[in-house]
Each structure stands twice: as structure tokens, then as C-alpha cells.
Amino acid sequence: MLFFHFSFFIFHFQLFFVPLHPKLLQSVSYMDFKILYFTIFCVNNVAAYLNKSAKDVYHAMQNAGMIDGYIVPCYDVLHTFSKEYIVDDLVSLMQQKGVKL
């Protein structure tokens, strides 16, 4: 079941974001998968909240430095909060950074 879960989100990540080479997937640690999954979770839930595409939200967050500068480094704390709190926090941060979609 766990393998299917990872395969499912990797498939969707490849479909919407970037192609991942099989050798790259072999070198990714379990923690990297958790952070990757959490990042996808954040992007998809913010996109649903804003009624925008995940691709557009991902690019907006990436351009604003939110993924590498906030979501990934703060994973240890952020992943303990509820979905609603995370979405509200990220939307608020997008507004503070002046992100337009």
C-alpha cells in the first residue's frame, strides 16, 4: 500500500511539474520523499483553496521563493499542523510576498 501511495504522487508530480529520471528516484531518501509529498500536498491544497491550477500555484510559489525558502526548510514544524492552518498560512505568505495568480 505504501509503495502505491509513493508511486501515485510521483506520477502526479511528474505529470504536473518536472520529469524525474529513474536514477534520480533511486538516490532520493525516504525523508526527501516525505518533504516532496508534503510540498505537493501544500501546492495542491492551496490551488484548490484559490480555485487555480496546481501548476500555476507551484510556479508562483517557486518564483516567490516559498518552496525552497519556507516549505522545505520548515517541513519539520509545518507538517504537524492541520491542512486548514497550512493553507491559511501559505495564502497569507503569498499575500505578504505580493504573489499574484
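Is Asn-51 buried or exposed? The views below are taken from a predicted model.

**View 1. Asn-51 in the loop between helix 3 and helix 4.** Asn-51 counts as exposed because its relative accessibility is 69%, and the cut-off for that class is over 50%. The phi angle of Asn-51 is positive, about 60°, although the residue is not a glycine.

**View 2. The largest nonpolar core.** This core has 23 residues. Those that touch the most other members are Phe-38, Val-46, Met-61, Ile-71 and Leu-90. Two or more residues each come from helix 3, helix 4, helix 5 (66–71), helix 6 (75–78) and helix 7 (83–96). In soluble globular proteins, nonpolar side chains tend to be buried together.

**View 3. Contacts of Leu-90.** Leaving aside residues up to four places away in sequence, Leu-90 touches Cys-42, Val-46, Met-61, Met-66, Tyr-70 and Ile-71. Val-46, Met-61 and Ile-71 are, like Leu-90, among the core residues that touch the most other members.

**View 4. The stacked pair Phe-38 and Phe-41.** The structure holds 3 aromatic pairs. In one of them, Phe-38 and Phe-41 are stacked, with 6.1 Å from centre to centre and 25° between the planes. Both residues belong to helix 3 and are 3 residues apart, about one turn of the helix. Phe-38 counts as buried because its relative accessibility is 7%, whereas Phe-41, at 26%, counts as partly exposed.

**View 5. The edge-to-face pair Phe-38 and Tyr-75.** The ring centres of Phe-38 and Tyr-75 are 5.4 Å apart and the planes stand at 75°, so this pair is edge-to-face. Phe-38 is in helix 3 and Tyr-75 in helix 6, so the pair ties together parts that are 37 residues apart in sequence. Both Phe-38 and Tyr-75 are buried. Through ring pairs, Phe-38, Phe-41 and Tyr-75 are linked into a cluster.

**View 6. A nonpolar surface patch at Val-77, Phe-81 and Tyr-85.** These residues make a patch of about 280 Å². With a relative accessibility of 52%, Val-77 counts as exposed.

Definitions and conventions
Residues numbered from 1 in each chain as written. Predicted model: local features only at pLDDT ≥ 70, side-chain atom pairs only at ≥ 80, totals over all residues. Heavy atoms only, no water. Helix = DSSP H or I, 4+ residues; strand = E, 2+ residues; numbered from the N terminus. Buried < 20%, exposed > 50% of the residue type's maximum accessible area, 1.4 Å probe, protein only. Core = buried A, V, L, I, M, F, W, Y, C linked by side-chain atoms within 4.5 Å. Contact = heavy atoms within 4.5 Å. Phe/Tyr/Trp six-rings, centres within 6.5 Å; stacked < 30°, edge-to-face > 60°. Patch = residues over 30% accessible without salt bridge, like charges linked within 9 Å, V, L, I, M, F, W, Y side chains within 5 Å. Areas by Shrake-Rupley, 256 points an atom, 1.4 Å probe, with all protein chains shown as cover. Salt bridge = Lys/Arg side-chain N within 4 Å of Asp/Glu carboxyl O.
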